[in-house]
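Hello,

The structure we spoke about is below. My notes on it follow.

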Amino acid sequence: MNASQTLVALWTLVLKEIKRFTRIWPQTLLPPSITMAMYFIIFGNLIGSRIGSMDGFTYMDFIVPGLIMMSVITNSYSNVASSFFSNKFQRSIEEMMVSPMPNWVILAGFILGGMARGLGVGLIVTLVSLFFTRLTVEHPLLTVLVVVLTSALFSIGGFINALLANKFDDISIVPTFILTPLTYLGGVFYSISMLPDVWQGVSMLNPILYMVNVFRYGFLGVSDIPVGWALTAVLGFILVLFWVALSMLARGKGIRS
Amino acid sequence: MAEPALSIRGLTKQYGNGFQALKGIDLDVQQGDFFALLGPNGAGKSTTLGVVCSLVQKSQGKVSIFGIDIDKDFAKAKYQLGVVPQEFNFNQFEKVHDIVLAQAGYYGMTRREAIPRAKQLLTDLGLWDKRDGSARMLSGGMKRRLMIARALMHRPKLLILDEPTAGVDIELRRSMWEYMRRINRDEGTTIILTTHYLEEAESLCRNIAIINHGEIVRNTSVRELLTELSRETFLLDLAAPVSDAPVIDGFDIQRVEASQLSLVVHRGQRLNDVFDALTDQGLQVVSMRNHANRLEEMFVSMVDGSQNKIDQPSDNKQEARV
């Protein structure tokens, strides 16, 4: 394929993915908006007013970046995992496999589709948060950069999960038993400075902590961890997982006999 | 001489469980041919075609499509190839129009090129008025035609049809045959067909390969194959019932029903002799037909008895399934 044909193929796949999740918006876009509105009302307003300040900010201001990031992570991941597995299940993945599209285009198409949903939901949640607080963004470029990288990282994760999955149950195991606990323990609702030293050390092993903190730094200008180090780690994870996913795709893992 | 549309040399496939699906297949399909690949279930037909269209990874061997080695430039080879699989493999929740346009996009066709092409194909295949409907709302026959339209979007020079008319009613099957004949004749598209309907292979295809236990057991023209047919079995419907089968020297005649006989005619024997003898015995034949498709008789003689799972629809003996 020449460059323009490759772009057409990539755009076709991305557009198809965007059409898919917008067609089923009551399942994909509406629930996170409602869930996050509940978080803002209950944790931010009702309970948050009794908690007081966190790192010098109101509790509502403190949790908004974390909740936006949580939406981006879960939606990026689940979009690619469910869409790619659904393609495997219905065998419509064969449409792509018999075509001359390079593997990296297939991978990039699904990742960009996952990012479109993850970032779209992130934007919706951000707009919902404006009903509850007045957002300020200290470092806009950094904020955008970290949310885009995080969305890409978890989209790749969802892709690998779908490649390895043999049944629909297999694509809910990781979000339920790994992603959600790591997100809740990743400093969305609290600063790790509140934890005893031992648990602060344990928390540092949680990659989501870094993403949430850098994102929060973008909004509020405060972070529990060094920003540059966190960005480098996220970028490194993206490169490694992209390579892993591409290798699996080339070997036909889960899709070729 | 032009490169074959498909050339396969020494193709083997061993699955992870140790099953050897292909045992060194050699096969050539010439450009412009209408070619049948036949074999019993599990013989290796779909595995062979799966390797050609990249859905199955080969163990060893070489495959070239119009002279392009798939190990060297599979992407270029894939441009020449259109695939209609046996199972429905599109997203059932997408619109018909979106499915064909997306496939064109995967081949790098812009929407400006793809939209008129989709209109032409969907119209030709009787799906244009269904274009805005979800694919899951289509009937089985329409879904098969949708897969043909999708496979033709990028104007492939080689079309692979894996049992394209399975489960399709007779009227629709014949209209699909006519469409396939037309693209083969008018557009020069090389077609490789696998089918369980031997009547289909005999009616459509010029050349044929029979695969069994992962090996090509025969590769010749349909005409050549049929000349080798040493015997044919006919069913004769009589004007009046008989209690026993008549005895005629040199012919094997069995009573099937009260008014029906089966007659085996070997090469060199004449049907006139049978009719003369039956007339002499006072028996009138009102109609006659082949007990099985001629190709099926040939096929049965070629593959192992244990593999000859002939699944014949009871209401139409011509449509023997292999």
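What are the helix and strand percentages over residues 23-252 of chain A, and how far apart are the end C-alpha atoms? The stretch is 77% helix and 2% strand, with its end C-alpha atoms 29 Å apart; helices (H or I, at least four residues) and strands (E, at least two) are DSSP runs, numbered from the N terminus. An unreviewed UniProt entry annotates residues 23-252 of chain A as "domain: ABC transmembrane type-2"; UniProt positions are in the numbering used here, feature names are shortened, and annotations may be inferred rather than shown by experiment.

This is a predicted model: local features need pLDDT of at least 70, side-chain atom pairs count only at pLDDT 80 or more, and totals for chains, interfaces and linings use all residues. Residues are numbered from 1 along each chain as its sequence is written, while chains are lettered from A and ligands numbered from 1 in the order in which they are written.

Chain B is assigned domain 1 (6-226) and domain 2 (230-307), with bounds from an automatic or database domain assignment. The C-alpha centres of these two domains of chain B lie 37 Å apart.

Chain B also has an open antiparallel sheet of four strands, ordered β12-β13-β11-β14; two strands pair if DSSP finds at least two bridges between them. Its edge strands, β12 (252-257) and β14 (285-290) of chain B, each pair on one side only. Strands β11 (residues 231-238) and β13 (residues 260-266) of chain B are joined antiparallel over seven bridges. B:Thr233 has B:Val264 in β13(B) as its bridge partner.

Regards
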